[in-house]
Amino acid sequence: MSARMGRWTVYVLIAIGFAIACAVLSNWQFDRNETRSEQIALVEKNYDADPVPLADLIGTDGSLDPDDVWHPIVLTGEYVADEQLLVRNRPHGGTSAFEVLVPFRDVDGRVFIVDRGWVPPGDGDSPDAVPAPPAGEVEVIVRLRPGEQLPASGRGAPEGQVPTINLPSIAELVDGDVITSAYGQIVSEKPAGEGTLGGFDSPTDDPGPHLSYAIQWILFALMGFVFIGYIIRTEIVKHREEVEGVPAPITKSRRRDKDADVEDELLDAR
């Protein structure tokens, strides 16, 4: 095998390796696009569905079916206001707000964590004021949400606060049989509590850029082969011109250069 053939083989192998990497990244973006489409479909199916009792979607085993996320449920019972918790660093209103978690004791005896909304930060580590939940028997409609992971950084929070809505860790701070598979983002409560908390925005239906990114990676893979092909062709043309004595095809730029040389020779002759 000649040195040229060996070099071209390396070029092709590089193009193949680049194409494989692009294919992996493209497939990853296709998977992300599919996951995002499933999330949007789930919101469209559940978000505005009719509320059902807690026991209809979270049975005695306490588990939440992923297909029931965002579905509204009706809670009847009372808030456990003295065990209220604040979640730090939540992005609302263009700032790091606090979300207000209040345990709710349902008529079936179980405790369900209700996110009543958010309040802006105060001057210190806590908000200046937090509206109290209604006392006595209350009917609350919430949308089911899965709990969150503990922060990877291991950051904590002051007493009475939590860094994320990690339900198992919250259950350790709350008395009673706490459901740890889901919590609820409030929709309404009757009667209403004192003051007003910030509400929650509807989830976006933007599919994101994943599909376009996937197509771009495919195009990058094709461009890699085109580029390697161009390099090999350039070397072949150069070899034919310099070694074999076969002139390379005259391009427009070379023709212009040749015409300029002829003009220079004519001027010199004058």
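Does Phe 220 count as buried, partly exposed or exposed, and why? In this predicted model, Phe 220 lies in helix 4. Its relative accessibility is 35%. Buried would require under 20%, and exposed over 50%. Phe 220 therefore counts as partly exposed.

Phe 220 belongs to a nonpolar patch on the surface. Helix 4 gives the largest share, 7 residues.

Nonpolar residues also gather in the interior. In soluble globular proteins, nonpolar side chains tend to be buried together. Here, the largest nonpolar core has 29 residues. Ile 73, Leu 75 and Phe 112 have the most contacts inside it. Two or more core residues come from each of helix 1 (3–46), helix 2 (54–57), strand 2 (72–79), strand 4 (95–106), strand 5 (111–119) and strand 6 (138–145). A second core, of 12 residues, is separate. Its members include Leu 85, Ile 165, Val 174 and Val 178.

Strand 2 pairs with several other strands. With strand 1 (residues 52–53), the pairing is parallel, over 2 bridges. Pro 53 stands opposite Val 74 of strand 2. Strand 2 and strand 6 pair in the antiparallel sense, over 6 bridges. Ile 73 has Val 142 in strand 6 as its bridge partner. Strand 4 also runs antiparallel to strand 2, joined by 3 bridges. Tyr 79 stands opposite Phe 104 in strand 4.

How values were computed. Residues numbered from 1 in each chain as written. Predicted model: local features only at pLDDT ≥ 70, side-chain atom pairs only at ≥ 80, totals over all residues. Heavy atoms only, no water. Core = buried A, V, L, I, M, F, W, Y, C linked by side-chain atoms within 4.5 Å. Buried < 20%, exposed > 50% of the residue type's maximum accessible area, 1.4 Å probe, protein only. Helix = DSSP H or I, 4+ residues; strand = E, 2+ residues; numbered from the N terminus. Pairing = 2+ DSSP bridges. Patch = residues over 30% accessible without salt bridge, like charges linked within 9 Å, V, L, I, M, F, W, Y side chains within 5 Å. Areas by Shrake-Rupley, 256 points an atom, 1.4 Å probe, with all protein chains shown as cover. Salt bridge = Lys/Arg side-chain N within 4 Å of Asp/Glu carboxyl O.
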